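Subject: Structure handover

Hi,

Here is the structure I promised to pass on. Please open it first, then read my notes beside it.

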Amino acid sequence: MFWQTWSFALGVTVPNLLILLLGMVLRRTGLMDDSFNEKASRLVFNIALPCLLFFSVAQGHDSSGSNLPLAIYGGLGTVVSFLLLELVALKLVKDPRERGIFVQGGFRANTGIAGLAYASLAFGSEGIALGSMYLAITVILFNVLSVITLTRSLKGGQGERIGMKPILRGIITNPLIIGLVLGLAFKYSHLPMPATLASTGNFISGMALPLAMLCAGASLDVKAMFRSSNVAAWASASRVIFVPALMTFGAGLFGFRDAALGVIFLFSCTPTAAGSYVMTRAMGGNATLAANIIAVTTLGSFFTTALGLYLLRTLGVI
């Protein structure tokens with residue numbers, strides 16, 4: 001059982017690590033310079049990732065009403081985690097412009113890619129069905145809350161006075177949120193998806209994660225990964241240790257068991273989403289810090305996923 005668990009975690013996490021490493025190599029060889037990285041990041045943020053989110057939601061599995069409590073818990077847990085990290089950032093992160101990056105790196109899980117992969121490998125079609133509504137609610141919250149914290153942090157860190165108007169504008173005009181909303185609208189319109197449109201969308205969506213991870217890898221600064229502020233280290237620990245522990249313990253208290261509890265754990269212990277790097281760079285934040293958080297959590301989630309699954313299976317709750 002133990003080695004099966006480690007093999008499962010290895011199969012999901014290692015491909016992301018290899019793509020990050022490839023990005024580092026391409027940067028060293030000059031094939032991915034700053035100019036290319038900037039343009040590729042904008043392409044991912046404005047087209048590829050919105051397309052991925054649209055088609056993931058529009059063509060997603062239908063969720064029955066019995067999955068609603070799971071989705072509600074995921075939404076509430078996401079908001080609670082976000083608020084706790086906002087409070088921690090005030091005490092822990094000295095640079096105001098890095099607080100939003102810390103918060104985003106700590107709560108924004110890669111549920112859309114790694115989460116569904118985890119759930120599918122662990123529980124098959126049941127895991128995908130359980131996670132579909134959970135995915136839709138949490139991904140919307142991830143993007144909305146990320147815009148809020150980054151806007152407050154980056155603009156507030158420059159001494160600007162932040163009202164609701166720029167935050168609302170950032171939410172409404174965010175390409176990722178637009179893709180999600182349009183996907184939900186199409187899904188519940190029950191209109192047929194033309195095969196040609198679906199094929200084209202899937203081609204474009206297919207480049208989102210690899211290109212985002214390549215750009216993140218090309219932006220990595222290994223020497224600065226654990227600099228004196230330890231922002232990357234604390235954000236990464238929050239993402240792969242503290243938030244999963246909080247979400248899973250709370251789910252157990254609320255009576256979730258078996259596959260439902262497993263899906264909550266697997267979704268909550270995924271690495272920081274690649275979109276966090278793209279959004280940080282697009283909004284003028286410290287993209288290197290965001291890339292470092294992705295790299296550390298991608299590596300760290302391998303260990304926490306395997307150990308967590310082993311513990312939960314040993315306790316007999318999944």
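The largest pocket holds about 270 Å³ of space. Keep in mind that this is a predicted model.

**The largest pocket**

Which residues lie nearest the centre of the largest pocket? They are T151, K155, P166, G170 and M283, out of 16 lining residues. Two elements give two or more residues to this lining: helix 5 (111-156) and helix 6 (164-173). Helix 5 supplies the largest share, 5 residues. Sorted by class, the pocket lining has 8 nonpolar, 5 polar and 3 charged residues.

**The cavities**

Rolling a probe the size of a water molecule over the atoms shows where empty space is left. The count of cavities of 30 Å³ or more is 2.

Start with the largest cavity. Its volume is about 280 Å³. A total of 21 residues line the largest cavity. Find L49, L53, N110, G112 and A273 on your screen, as these lie nearest its centre. Which helix gives the most to the lining of the largest cavity? Helix 5 does, with 7 residues. The classes here are 14 nonpolar, 6 polar and 1 charged.

Next comes the second largest cavity, with about 100 Å³ of space. It has 14 lining residues. T78, F142, R239, M247 and S268 are the closest to its centre. The elements that give two or more residues to this lining are helix 3 (68-92), helix 5, helix 10 (231-253) and helix 11 (258-268). Helix 5 again gives the most, this time 4 residues. By class, the lining of the second largest cavity splits into 7 nonpolar, 6 polar and 1 charged.

**Aromatic rings**

A pair of aromatic rings is described by the distance of the centres and the angle of the planes. How many aromatic pairs are there in this model? The count is 8.

Take F302 and F303 as an example. Their rings sit 4.9 Å apart, centre to centre, with 65° between the planes. The pair counts as edge-to-face because its angle is over 60 degrees.

Are these two residues buried or partly exposed? F302 has 13% relative accessibility, so it counts as buried, the cut-off being under 20%. F303 has 39%, so it counts as partly exposed, which lies between 20% and 50%.

Look also at F54, F55 and F186. These residues form one aromatic cluster.

Last, please locate R313. It is found in helix 13, which covers residues 287-315. R313 is partly exposed, because its relative accessible area is 29% and that falls between the 20% and 50% cut-offs. Then find D258. R313 and D258 are 55 residues apart along the chain. Their C-alpha atoms are separated by 9.3 Å.

That is the handover. Write back with any questions.

Best wishes

Notes:
Residues numbered from 1 in each chain as written. Predicted model: local features only at pLDDT ≥ 70, side-chain atom pairs only at ≥ 80, totals over all residues. Heavy atoms only, no water. 1 Å grid on protein atoms, 1.4 Å probe; cavity = no way out; pocket = protein on both sides within 12 Å on 5 of 7 lines; lining within 4 Å. Points joined across faces, edges and corners; volume = space filled by probe spheres on them. Nonpolar A, V, L, I, M, F, W, Y, C, P; charged D, E, K, R; others polar. Phe/Tyr/Trp six-rings, centres within 6.5 Å; stacked < 30°, edge-to-face > 60°. Buried < 20%, exposed > 50% of the residue type's maximum accessible area, 1.4 Å probe, protein only.
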